[in-house]
Amino acid sequence: MNRNQMDIMACAAPDTVLEGAKTPGWMKRMRESHIRGFFVTAYDVSEEIDPEKLSEVKRILGEEGFDAFGIGLPVGHPAGLDTPRYTFHEGWHIRRDIEGRETPWQNAVTPRLIEDARKRVLILKEIGFPAMFWDDDLRMGNHEGDVQGCFCEACLEDFRESRPELAPRVRSREDLRPVLKKDPRGLSEEALTLREAWMDFTSSRVTAFMRETAVEGVKNGIMVMHNGDRRHGIDIPAIRKALPGCLFRVGELMFDDKSFEKPENRRSLAESVLRHMALMGDPDRIWSESTVYPHGALSPENLRRKIVLERKCGLFHINLMGVERMNSPAYYKMLRESYGEFLETGPSLTLENLDRFDFGAF
Ligand SMILES: [Zn+2]
């Protein structure tokens, strides 16, 4: 695929596809909107998604001429989002922040959690899913902020074992607190060493997740949140090194009209996309975050503008997240009518020229 082309995939729950198959005109509407396939929710921390149902969804989509990739929510999103409640397994635990508080609905990435996710990928391989994308809950920190991770006693002990030379300096989580601030300026060399070591440790877990859930025959991908980086355990270059063919999704945020309509937020969106793309490499393995959240919150017109902006950044795989929240025919009318404009919009934004682009007028 070259940069003058584009394709569109859409996220959908299995039930959405099954309902769609029974709804006259639904598949046709998706096809006419230039959607070529679906990311079907195939794993979440509740483990309640039935493989037989996924098999049925895969079959139906295939018959209708759509691609079907899997999408999984392995760790759990922060409280307040419409994330499923999870089932606990031995070897899973809720991530704890620097205050020692549980971060509701978010697990730490542990070997057992990785093993459980890998088992699901093996099932998806049998069903015939050619790719699996992990949603952007796959991280060890919340959006923005300081350096994070899991500061529970077990994880601190793992850190000390992995870096014995630094162990005497990390007797408790309080010893880490001074090195975690977002802006590292002013830290001593010693403090910077500890900070880097902690980010290496935290990131190594997410990287291990990606490496160990990669199963031959199923492409593995990670979705990165807006401005997601090593503070949150997301080390994109390390992931690429561990898994050279890795698929990525950039982080954009601005899921509703209120945030998207502020010019500074559109700039922030573009900057995050361009920074991520620079680290992720081949654009043919990179997807957008064209999300409407919550239901209908980003209007069809602003979704159109968002996709144009994504195209200006050089993205050509568009990922609509997800069709349940694009709950009006106007979205699909917009996709039909704007497809030509999307195709014609080539890459023009770079990190170097961002300041010269008028995000107010756009
Ligand atoms: Zn922990």
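Reader: Why is the crossing of α10 and α11 called right-handed?

Author: A crossing is right-handed if the near helix is turned clockwise from the far one by less than a right angle, and left-handed if anticlockwise. The crossing of α10 and α11 is right-handed. The contact involves P300, L303, R304, I307, V308 and R311 of α10, and A330, Y331, M334, S338, E341 and F342 of α11. Residues count as in contact if their C-beta atoms, placed from the backbone, lie within 7 Å. This is a predicted model, in which local features need pLDDT of at least 70 and side-chain atom pairs count only at pLDDT 80 or more, while totals for chains, interfaces and linings use all residues. Residues are numbered from 1 along each chain as its sequence is written.

Reader: What makes α10 and α11 roughly parallel?

Author: Helix α10 covers residues 300-312 and helix α11 residues 329-344; helices are DSSP runs of H or I with at least four residues, strands are runs of E with at least two, and both are numbered from the N terminus. The two pack at an angle of about 30°, with axes 10 Å apart. Axes are lines fitted to C-alpha atoms, for helices over the stretch in contact, and the angle between N-to-C directions runs from 0 to 180 degrees. Angles under 35 degrees count as roughly parallel, over 145 as roughly antiparallel, 65 to 115 as roughly perpendicular, and the rest as oblique. Therefore α10 and α11 are roughly parallel to each other.

Reader: How do you know that α4 and α6 are roughly parallel?

Author: Helix α4 (residues 111-127) packs against α6 at an angle of about 25°, and their axes are 9 Å apart. By the cut-off for roughly parallel, α4 and α6 therefore qualify. Their crossing is right-handed. Residues I114, A117 and R118 of α4 meet A208, F209 and E212 of α6.

Reader: What makes the buried residues of α5 a side of the helix?

Author: In helix α5 (residues 153-162) the buried residues are C155, L156 and F159. They span an arc of only 100° around the axis, so they sit on the same side of α5. The arc is that of the directions from the helix axis to the C-beta atoms. A residue is buried if 20 or more other C-beta atoms lie within 10 Å of its own, exposed if 12 or fewer, and partly exposed in between, with C-beta atoms placed from the backbone. The buried residues pack against α6. On the face turned away from them are the exposed residues E153, A154, E157 and E161.

Reader: Which residues touch the most other members of the largest nonpolar core?

Author: A nonpolar core is a set of buried Ala, Val, Leu, Ile, Met, Phe, Trp, Tyr and Cys residues joined through C-beta atoms within 7 Å. The largest one has 92 residues, and A10, F38, V40, A42 and I222 touch the most other members. Helix α6 (residues 189-212) supplies the largest share, 7 residues. Leaving aside residues up to four places away in sequence, F38 touches M9, A10, A12, V17, L61, F66 and A68.

Reader: Why is L253 called partly exposed?

Author: L253 has 19 C-beta neighbours inside 10 Å, so it counts as partly exposed. It is found in the loop between β8 (247-249) and α8 (257-260), and its phi is near 55°, a positive value in a residue other than glycine.

Reader: Is N227 buried or exposed?

Author: N227 has 20 other C-beta atoms within 10 Å, and is therefore buried. N227 also has a positive phi, of about 60°, without being a glycine. It lies in the loop between β7 (219-223) and α7 (236-242). Most residues other than glycine have a negative phi, and most peptide bonds are trans.

Reader: Which residue is joined to P294 by a cis peptide bond?

Author: Y293 is joined to P294 by a cis bond with omega of about -10°. P294 lies in the loop between β10 (290-291) and α10. The peptide bond from M321 to G322 is also cis, with omega near -15°. G322 belongs to the loop between β11 (317-321) and α11.

Reader: How do you know that F316 is buried?

Author: F316 has 23 other C-beta atoms within 10 Å, so it is buried. F316 lies in the loop between α10 and β11. Its C-alpha atom is 4.5 Å from that of M6, although the two are 310 residues apart along the chain.

How values were computed. Contact = placed C-beta atoms within 7 Å.
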